[in-house]
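Thanks for coming. I will take one structure this morning and go from the contact between its chains down to single residues. Please have a look at it first.

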Number of protein chains: 2
Amino acid sequence: MNLIRTREECYLNLNPLQTGGRTNAAVRLTATSFIDGYSVCDYCKGVLHLIEKPPICQLTKDLADFLGMDEARLTNGAREGKFAVIHALLSPGEVIVVDSNRHYSTYVAAERAGVRVYEVRNTDYPEYEIRPEVYRETFEQVLKETGKPPKLALLTHVDGEYGNLVNAYEVGKICQEYQVPFLLNSAYTAGRMEVKGKELLADFVVTSCHKGFGIPGTIGVLATTEKWIDRLFRKSIKYPKKDIELLGCTARSEASACLITAFPYVKERVKHWEEEVKKARWLVERMESLGEIEQLGVRPKEHDLIRLKTPLFSKMAEKERKKGYFIYYELEKRGITGIKPGQTNWFKLSTYGLTWEQVEYLYSAFSEIARKA
Amino acid sequence: MNLIRTREECYLNLNPLQTGGRTNAAVRLTATSFIDGYSVCDYCKGVLHLIEKPPICQLTKDLADFLGMDEARLTNGAREGKFAVIHALLSPGEVIVVDSNRHYSTYVAAERAGVRVYEVRNTDYPEYEIRPEVYRETFEQVLKETGKPPKLALLTHVDGEYGNLVNAYEVGKICQEYQVPFLLNSAYTAGRMEVKGKELLADFVVTSCHKGFGIPGTIGVLATTEKWIDRLFRKSIKYPKKDIELLGCTARSEASACLITAFPYVKERVKHWEEEVKKARWLVERMESLGEIEQLGVRPKEHDLIRLKTPLFSKMAEKERKKGYFIYYELEKRGITGIKPGQTNWFKLSTYGLTWEQVEYLYSAFSEIARKA
């Protein structure tokens, strides 16, 4: 079956999962060149992170540096990185503290490891903010209920529901105070904005490169500090080059080669993060000016992922023939995609990587649709 | 950095890891179309195996059928599938029995799960055969030493060292007799030859599609029978669509779309397996006729992965300026690649997917090199 996905070339795609993963021409060239199964293993050196041709060895060092950590490995993605850390550090029944805005896979990774989850609650409507001091309250609760501090704390640097950026350094300080190892999930930050793990007092950083580094997947990074290298990257007894938690090699695909190609672009693009935030703020302001539209999450926006509550559109939907789907089709007519079909009460979108002209066009499209009311 | 890998287009590639993973034009088209991160998630239905566009939902059902099992899921590869089964079934300290020709990642997956490994030894030089009855001996040993049968037995259907095909059905019968769940690793068989798991009495089948289905990676399949569905594909309490052992979604990349495109080709190619075996046997016969070359592993070949002991070439290497590397460079001059550089005592190669003309050319190249002696 020939499968052609036209939307990426023909539409403005607002899907927050995807805006940071769009590939450029150089990355596509590398991908095509390395598309055959196991092609990055042409010159195997016993394990993925030691391969010199293509220079995955150098890439792995560069990624550790880029994330402000001491040592890094490629993974199959952020969730696989999270599971690796949890599995390496915790035994079943032990406690992990996570923010309540965490991705579902954080919870599922904890379930897989059989550990107990305590959640740092957010402030609820309308900001759903994760306040660092609530980590302290949650640690105290764990201490009270189990007699011990948690074995690990995880923070979702920017979450995928509201696009809230949390002050990771403040969380890191509380973790240090309680001597709780600190895992930062930077899937929505690394590759977009500068993330320096050690400066944020993180012991572990995971990220997703098909989400934030403009490449195909599945691929992520797991980085740590000197202190944890031996524990996290524990070697097989029989195969001394193989990291047990990574089952030897992880992203043994063209994605690793693509990351090498994408890396200089990514290093450059994080410098322009402020401009990305400006676009998000501009769009929020305009959208709210349409009336009966409210940005959820912390204000003003500090990220491109925007969640809007849109009673304006849900009221319109009642009168529309296509009901809740009307907004999806109205946008599609205007060359815009990536909003979940059927949703009008609220939706998420991302302005990441759009030009100012595109952001303006986006607003004009919504504004046209709103005027139909 | 622009990375161009020319070898796949310009050389005969003999690397056994790669011959079953070569992509055709249709697959490359799909790959390019879905190359952006998370593009298969355009029409998310809550979990990868339920996506209808592209039809991963149908693919997953077709794969279960293709492998002769009741239910299947995509994974990040064979090793990740093996770990999922071990982790779902065994607690730390429990016993798994594996063949001694198993891939290193089988051992590392067991280490990661903290389980004890008993190995079914092979017959050693020159055939290194795994005889099914040795599973019985090993089960008896486990019973004697631990008082219980093992919790799982794994068989590498065809191994990556000698290309030996083991009679899985006979292993399955012994597993049934001892009521030991049976995991078949078909990374080197599925996608090349017909593999029908239930007919082989397997409870679990894992495979690697970037190794055996002509697509990019990383992607594999994990399939099971009715009996084990609930245990293996246990759902998250909070997220009832998410399989815990898979952390929700696995191969969330263009590889899933590529597998849909490749699937009809793969179904067709397994019908021509006998021809592939003929080519391997023909080459072995000719190579051995050169003298001081001996095929290791079971004779005659029943698989395209060939391991040759080559004292002929190691003697030549002593006199060559490039020493052990000479064979690699001599082959390279003749447009042939995929033999590990530096190796002359023995090497592995695969004839999979070569035309008869290419196999003949391959022999003529080796024969030319041998005549230099």
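**The contact between the chains**

Chain A puts 61 residues into the contact, and chain B puts in 61 residues. Keep in mind that this is a predicted model.

On the side of chain A that touches chain B, the elements giving two or more residues are α1 (7-10), α2 (25-33), α4 (78-89), α5 (104-113), α8 (209-212) and α10 (254-269) of chain A. Sorted by class, that side of chain A has 26 nonpolar, 18 polar and 17 charged residues.

A:Arg22 sits in the loop between β1 (12-13) and α2 of chain A. Leaving out residues up to four places away in sequence, A:Arg22 touches A:Glu8, A:Gly214, A:Gly353 and, from the other chain, B:Asp36. Is A:Arg22 buried, exposed or partly exposed? A:Arg22 has 18 other C-beta atoms within 10 Å, so it counts as partly exposed; buried would take 20 or more. As for A:Leu3, 19 residues from A:Arg22 along the chain, the two C-alpha atoms are separated by 18 Å.

Now the core. The largest nonpolar core has 218 residues. Which of them touch the most other members? They are A:Leu67, A:Ile86 and A:Leu259, together with B:Leu67, B:Ile86 and B:Leu259. To take one of these, A:Ile86 touches A:Ile96, A:Ala109, A:Ala110, A:Ala113, A:Val115 and A:Leu152, again not counting residues up to four places away in sequence.

Last, a strand in chain B. Strand β10 of chain B, residues 305-309, is mostly covered, with 4 of its 5 residues buried. What does β10(B) pair with? Strand β9 of chain B, residues 294-296, runs antiparallel to β10(B) and is joined to it by 3 bridges. In that pairing B:Leu296 stands opposite B:Arg307. Strand β12 of chain B, residues 346-350, also runs antiparallel to β10(B), with 5 bridges joining them. Here B:Ile306 stands opposite B:Leu349. As a general point, side chains in a regular strand alternate between the two faces of the sheet.

That is what I had; questions are welcome.

Technical notes. Residues numbered from 1 in each chain as written. Chains lettered and ligands numbered in written order. Predicted model: local features only at pLDDT ≥ 70, side-chain atom pairs only at ≥ 80, totals over all residues. Buried ≥ 20, exposed ≤ 12 C-beta atoms within 10 Å, placed from the backbone. Pairing = 2+ DSSP bridges. Contact = placed C-beta atoms within 7 Å. Nonpolar A, V, L, I, M, F, W, Y, C, P; charged D, E, K, R; others polar. Core = buried A, V, L, I, M, F, W, Y, C linked by C-beta atoms within 7 Å.
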